[in-house]
Amino acid sequence: MDILFQPFIDHFSANQQLTDQTKAEICSHLSILNLKKKHVLINENQRHDFAYFVIKGAIRSYYLKDGIEVNTWFALENDMVGSLQNFNNNPSRETIELIENCTLIAINIKKIKPLMLSNIQIANFINAIIEEYALFLEDKFYFSQMMNSIDKYLTLLDKEPQLLQRIPLTYIASFLGITRETLSRLRAK
């Protein structure tokens, strides 16, 4: 097993024991990617056969509304990145783009998904990925719908201060639903 796969396997198998054979089978559908900043992983309205685990770097998700990019979430190290729509062979509703140079583990959804029917350990492993990703999305949905911009900013400061250091302010402002100028005023306080 590639040493770079180990954190991914460990992260999602923490509550289960995987046999060496199952680990090898999972790893046979993984690959390491080193991609440059601004690379688009997934395009809105397109199908995509991969999901990704971030080893190093920062990523954003956005959709276009009236020609304007609306940022919906950010991912850093040890986060999963992808589209659940793609998992079900539907087009993505969002574009996913690298903010920094990234090292990623690419998971071939098309090849690993059928294995869930024949190997319960792989099914449990993939379910752990989907569960964590669903919780991540639920948190982002709550954040975007249930908080005002000031509370969103304060929550970012408290829970994810690294985002404010690594993500361009234009993207953060879009994510918060405010202008960059308003964000600058908030940061000055």
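Phe8, Phe12, Phe53 and Phe125 form one aromatic cluster, where rings of Phe, Tyr and Trp (its six-membered ring) are taken to pair if their centres lie within 6.5 Å, with planes under 30 degrees apart counted as stacked, over 60 as edge-to-face and the rest as tilted. The model is predicted, and for this reason local features need pLDDT of at least 70 and side-chain atom pairs count only at pLDDT 80 or more, whereas totals for chains, interfaces and linings use all residues. Residues are numbered from 1 along each chain as its sequence is written, and side-chain values use heavy atoms, with hydrogens and water left out.

A search of the whole structure finds nine aromatic pairs. One of them joins Phe12 and Phe125 edge-to-face, at 6.2 Å centre to centre and with 80° between the planes. Phe12 lies in helix 1 (residues 6–12) and Phe125 in helix 5 (residues 120–146), so this pair ties together parts that are 113 residues apart in sequence; helices (H or I, at least four residues) and strands (E, at least two) are DSSP runs numbered from the N terminus. Phe12 counts as buried at 3% relative accessibility, and Phe125 is buried as well, with a relative accessible area of 1%, given that buried means under 20% relative accessible area, exposed over 50% and partly exposed in between (1.4 Å probe, protein chains only).

Strand 3 (residues 50–56) and strand 6 run antiparallel and are joined by two bridges, and two strands pair if DSSP finds at least two bridges between them. Both strands belong to an open sheet of four strands in the order 1-8-3-6, with antiparallel pairing. The edge strands of this sheet are strand 1 (30–35) and strand 6 (80–81), each of which pairs on one side only.

Strand 4 (residues 59–65) and strand 5 (residues 68–75) pair in the antiparallel sense over seven bridges, and within this pairing Ser61 has Trp73 in strand 5 as its bridge partner. The hairpin of strand 4 and strand 5 has two residues between the strands, and Asp66 takes a positive phi near 55° there.

Two charged side chains sit over rings, a contact that requires NZ of Lys or CZ of Arg within 6 Å of the ring centre and within 35 degrees of the ring normal. Arg60 lies over the face of Tyr171, at 3.9 Å from the ring centre, and the charged end of Lys113 sits over the ring of Phe87, 4.4 Å from its centre.
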